[in-house]
Each structure stands twice: as structure tokens, then as C-alpha cells.
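Hi,

Here is the structure I promised to pass on. My notes on it follow below; have a look at the model first and then read on.

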Amino acid sequence: MWHQQTLTLRARPRGFHLVTDKIVSQLTSLSAVRTGLLHLLLQHTSASLTRNENCDPIVRTDMENHFLRQVPESAPYLHDDEGADDMPAHIKSSLLGSSLLLPVGHGTLLLGTWQGIWLGEHRNRVCGRRIVATLQGE
């Protein structure tokens, strides 16, 4: 079985956001899969998807602060037509990635106890985000 759909996430402020439930709730065929894989592709170059801590929100704050220090807006980027936050957003997106491959079993994502899906929103002016979800399994 193959199933593909485009998911939408509402606009969120800059930072890291736990979006596991928002993604799962939109996956119309997830419950039908006994064994499979879910591939998620974020269709944007200034945001990221990653899998990390799902319990303590301070971890997301620490992650944002780390990236603000490591990829500063004040660096002399050549690509600056869309604002000072644009090139740093592209770098963060490349470092973290824009896709995830997750195992599915008995209609649920097989994440670890303390794992969740994060959206890394790296721009100050944000919009909603689209994710192509491709589900394969039996």
C-alpha cells in the first residue's frame, strides 16, 4: 500500500515547535498500516523537521538559542534580499534537514518514549508550512 497527501501546519513564531500530534491527526491512512514507513518532506527551505525531546519544552528553547549563536543574522551573508533572517534560515534548514523517515507499526508512529516531531521555524516573518507525507506499508 502507498498513500500520499499534503499536510498543513499553521504559522508559528520563530523557534522549535512540537508538531507530532498535528501531523498524526492529518494522516488519514496511518491507522490502516500494520508495518510500514512514513516519509515526511517539508516543502520549504527556511524551516526544518527533526525528531527530538517531546516532554520538556526547555529543550526547544535551548535548541533555538544554540542556533541563534551558531548561525547569527549579523554575519556578512551575500544572500540578503529577503531580510537578515533568510540566509541563516537556509543554513539551519540544511543543518537539521527537511525530511524524516519514521517506522510505523499497528497504526502508530514507532517513536521512542521521549521523541516527538519538531518543526524548526527559522524565519521572523512566518507563514503556514506544507509537508508531503508518503506512507508505505501493509
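Glu 64 and Arg 14 form a salt bridge through their side chains, at 3.3 Å from N to O. This is a predicted model, by the way, so please read every distance here as computed from it. The two partners are 50 residues apart, with Glu 64 in helix α2 and Arg 14 in the loop between β1 and β2. Glu 64 counts as buried because its relative accessibility is 10%, and the cut-off for buried is under 20%.

Arg 14 also meets Glu 73 in a salt bridge, at 2.5 Å from N to O. Glu 73 sits in the loop between α2 and α3, so this pair ties the loop to the one between β1 and β2, 59 residues away in sequence. With a relative accessibility of 29%, Glu 73 is partly exposed.

The whole structure has seven salt bridges. Another of them joins Arg 34 to Glu 138, with the closest N and O atoms 3.8 Å apart. Here the link spans 104 residues: Arg 34 is in the loop between α1 (20–26) and β3 (35–42), while Glu 138 is in the segment after β8 (129–137). Both ends are exposed, Arg 34 at 52% relative accessibility and Glu 138 at 53%. There is also a network, in which salt bridges with shared partners join Glu 82, Asp 85, Asp 86 and Arg 123. Glu 82 is in the loop between α2 and α3 and is partly exposed, with a relative accessible area of 42%. Leaving aside neighbours within four places in sequence, Glu 82 is in contact with Arg 123 and Arg 125.

Back to helix α2. Which residues of α2 are buried? They are Arg 60, Met 63, Glu 64 and Phe 67. These residues cover an arc of only 100° around the axis, so they lie on the same side of α2. The buried residues of α2 pack against β2, β4 (47–53), α3 (86–96) and β7 (115–121).

Phe 16 and Phe 67 make a tilted one, 6.2 Å centre to centre with 40° between the planes. Since Phe 16 is in strand β2 and Phe 67 in helix α2, the pair ties together parts 51 residues apart in sequence. Both of these Phe residues are buried. Phe 16 also makes a tilted pair with Trp 118, at 5.5 Å centre to centre and 55° between the planes. Together, the ring pairs link Phe 16, Phe 67 and Trp 118 into a cluster.

His 17 is in strand β2 as well (residues 15–18). His 17 is buried, at 16% relative accessible area, and among its contacts are Arg 60 and Trp 118.

Last, the sheet: five strands form an open, antiparallel sheet in the order β1-β8-β3-β5-β6. Its edge strands, β1 (2–9) and β6 (108–109), each pair on one side only. Two bridges join β5 (residues 99–105) to β6, and Val 104 has Leu 109 in β6 as its bridge partner.

Cheers

How values were computed. Residues are numbered from 1 along each chain as its sequence is written. This is a predicted model: local features need pLDDT of at least 70, side-chain atom pairs count only at pLDDT 80 or more; totals for chains, interfaces and linings use all residues. Side-chain values use heavy atoms; hydrogens and water are left out. Helices (H or I, at least four residues) and strands (E, at least two) are DSSP runs, numbered from the N terminus. Buried means under 20% relative accessible area, exposed over 50%, partly exposed in between (1.4 Å probe, protein chains only). Contact means heavy atoms within 4.5 Å. The arc is that of the directions from the helix axis to the C-beta atoms. Rings of Phe, Tyr and Trp (its six-membered ring) pair if their centres lie within 6.5 Å; planes under 30 degrees apart count as stacked, over 60 as edge-to-face and the rest as tilted. Two strands pair if DSSP finds at least two bridges between them. A salt bridge is a side-chain nitrogen of Lys or Arg within 4 Å of a carboxyl oxygen of Asp or Glu.
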